[in-house]
Amino acid sequence: MSIELMMKQFQDIANNPNKQLADFKAAGKKVIGVLPYYAPEELVYAAGMVPMGMWGSNKKTISRAKEYCATFYCTIAQLALEMLLDGTMDQLDGLITPTICDTLRPMSQNFRVAIGDKIPTIFLAHPQNRFADWGLKFCMDQYNDVRKMLDKISGHEMTDEDIRKAIKVYNASRAARREFVKLANEHCDVVTPTLRSAVLKASWFMLKDEYTEKLTELNEELKKLPAANWKGVKVVTSGIVCDNPKLLAIFEENHIAIAADDVAHESRAFRTDAAEEGDPMLALAKQFANIDYDVLLYDPASSSNRRGEFVANLVKESGAQGLILFMQQFCDPEEMEYPYLKKALDEAGIPHIKLGVDQQMRDFGQASTAIQAFADVL
Amino acid sequence: METIYTLGIDIGSTASKCVMLADGKEIVAKSLIAVGAGTSGPQRAIDAVLEAAGKTREQIAFVLATGYGRNSLEGFADHQMSELSCHARGAAFLFPQVRTVVDIGGQDVKILRVENGAMTNFQMNDKCAAGTGRFLDVMARVLEVDVNDLGTLGAKSTKEVAISSTCTVFAESEVISQLAQGTDKCDIINGIHKSVAGRVAGLAHRVGVQDDVVMTGGVAQNSGVVNALQEQLGHTIHTSPLTQYVGALGAALFAYKKCNK
């Protein structure tokens, strides 16, 4: 199969999650909606069910969700609720609601109240103090609650061996995605920003073993290509979600390639693997503890601005000339972290721009001007 | 050698501007129509500048479009560029020592850092009308005055009135409330100018303000905003009678550069 056709298949999946959901249901699978961030999807897979990521929508408008949400909740959370209320996600068999940010915490209760008995909701509170033994224990307790709820929904008990197998599948998937990100940089003439986004986005809507198989096939074909002789500029993207095809088309119009990303919906989600041996619940808790350089997670050494330096190094090491930050409207963690990121980028002499975005944006005139001007500067 | 004519067209959100240059040096003709993208403004501005110069499209070596509606001239323009680059280029042509450009347009505020005539850094306002030309239009309507008279009226202020710089909608409510309390319009207008200046100064400090500071865009004609911004930045602000044409001028200069490539 040609590279173009393979990427087109990923694009079709990324653009049609509702079809994926319908197909899974038609095949007799149970499907669990998984909200951001860092839910142990491995447990859903181990239970023999399909985890589907719910990161809002670029096509919907908030209407019904307004009844339950404060105006200052991000559109990702509000649009997730909108899809649960307007029938889009009615076929779900369950919903995991992590609570790592100040919006998702209250939203976990809004989801519960708004959807009532329609879909079982699984509350998940990650610990911010995640390194100490008691932090790991708290995380394991939470994960065990999730496990029990998933067992109830699936109708059978998953074994530790099931979870170890799932961890292997997920580690392989994460490794394949990390490799794809590098190949997308080397072959940025073929893997455009829109296609790069679609390939990574599709991972949220597929069973990871099937996804990894397809992605590995794509990676192997990409490896055969000569490295791109790229005449445009390269940037690193940062933010929560940067998947709007209209926005990414502006990159292409201005000959901007994405060298790497620091995006929650993309690379931040697959930087860290879990141990494949030993107690699998401890392995998942340790995996969460090992996630580093993240806007949403506590860093005891944050005063040294490790994260800012990490992102600045990402720009340098990936061969990018600058960084484009997609600032999700009403995302407090990203807003509060921005001055530190800016400081690190300025100190490293890396130009950047910050674009305000939300998922209900339909006009990208201002973003287009800023991105074009940024390309001129670079 | 035959003269090379280039045309810069700046289609903004509220006005369409054209500048025609001869050999990238001399302004041959210019035009301005007070409606912008999505209207008849761009075509009328083009017709007016061609007529004023006595030229046809065929006699123009290169046409470069800029501004919010820059993509709407496909087939007529040879190239398009962002208005930020064009404002920096136009400002550097008029003020060779420029290091900072403050461009307040109809719906955007832009702060540009310029080095050796080229833009090296910039900041734009968030998706919000506060601090833009639109903000002044809304306020003028509420106050029942002509937007062009705001500078003169604000200068007559005798009392400090604070107006929010956070949001156009909130600021409009505040202005209505001040009017209801019988506050003098001139004082309110002065407060509005300071509100705009506060918003713009905050953005400017993110880039860093270095002399010479040049203000471009239609709002630079409002002496009240210019004075308030000067006060808040602590830097002298230079303006030009061509302030509304700076983007189109920059576009015509880039067009000339394209011809010589």
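Asp23(B) lies in the loop that links strand E2 (16-22) and strand E3 (26-33) of chain B, where strands (E, at least two residues) and helices (H or I, at least four residues) are DSSP runs numbered from the N terminus. This is a predicted model, in which local features need pLDDT of at least 70 and side-chain atom pairs count only at pLDDT 80 or more, while totals for chains, interfaces and linings use all residues. Residues are numbered from 1 along each chain as its sequence is written, and chains are lettered from A and ligands numbered from 1 in the order in which they are written.

## Backbone details and exposure

Asp23(B) is not a glycine, yet its phi is positive, near 55°. Asp23(B) is also a contact of Thr3(B), which, once neighbours within four places in sequence are left aside, touches Ala22(B) and Asp23(B); residues are in contact if their C-beta atoms, placed from the backbone, lie within 7 Å.

| Residue | Other C-beta atoms within 10 Å | Class |
|---|---|---|
| Thr3(B) | 11 atoms | exposed |
| Asp23(B) | 14 atoms | partly exposed |
| Tyr293(A) | 17 atoms | partly exposed |

In chain A, the bond from Pro36(A) to Tyr37(A) is cis, with omega near 0°, and Tyr37(A) stands in the loop between strand E1 (31-34) and H3. In chain B, a cis bond with omega of about -5° joins Asp211(B) to Asp212(B), and Asp212(B) is part of the loop between H6 and strand E9 (213-216).

Helix H6 of chain A (residues 133-154) has 22 residues and spans 31 Å between its first and last C-alpha atoms, close to the 32 Å expected at 1.5 Å a residue; the expected span is 1.5 Å times one less than the number of residues. Its buried residues are Cys139(A), Met140(A), Gln142(A), Tyr143(A), Val146(A), Arg147(A), Met149(A) and Leu150(A). These buried residues pack against helix H3 (41-46), strand E3 (94-98), strand E4 (121-124) and helix H11 (280-290) of chain A. Just after H6(A), Gly155(A) takes a positive phi of about 90°.

## Crossing helices

In chain B, the axes of helix H6 (residues 185-207) and helix H7 (residues 223-233) come within 8 Å and cross at roughly 50°. Axes here are lines fitted to C-alpha atoms, for helices over the stretch in contact, and the angles run from 0 to 180 degrees between N-to-C directions. That angle makes H6(B) oblique to H7(B), because angles under 35 degrees count as roughly parallel, over 145 as roughly antiparallel, 65 to 115 as roughly perpendicular and the rest as oblique. H6(B) passes H7(B) in a right-handed crossing; a crossing is right-handed if the near helix is turned clockwise from the far one by less than a right angle, and left-handed if anticlockwise. The residues in contact include Ile189(B) and Ala204(B) of H6(B), together with Val225(B) and Leu229(B) of H7(B). By class, this contact has ten nonpolar, five polar and one charged residues, where Ala, Val, Leu, Ile, Met, Phe, Trp, Tyr, Cys and Pro count as nonpolar, Asp, Glu, Lys and Arg as charged, and the others, Gly among them, as polar.

In chain A, H12(A) and helix H13 (residues 332-347) pack with their axes 8 Å apart, at an angle of about 50°. H12(A) and H13(A) are therefore oblique to each other, and their crossing is right-handed. Gly308(A), Glu309(A), Val311(A) and Ala312(A) of H12(A) meet Tyr340(A), Leu341(A), Lys343(A), Ala344(A) and Leu345(A) of H13(A). This contact has six nonpolar, one polar and two charged residues.

## Where the chains meet

The contact between the chains takes 13 residues from chain B and ten residues from chain A. On the side of chain B, helix H2 (83-94) and strand E8 (118-124) each supply at least two residues, and the largest share, five residues, comes from E8(B). By class, this side of chain B has five nonpolar, four polar and four charged residues.

Terms used:
Two residues are in contact if their C-beta atoms, placed from the backbone, lie within 7 Å. A residue is buried if 20 or more other C-beta atoms lie within 10 Å of its own, exposed if 12 or fewer, and partly exposed in between; C-beta atoms are placed from the backbone.
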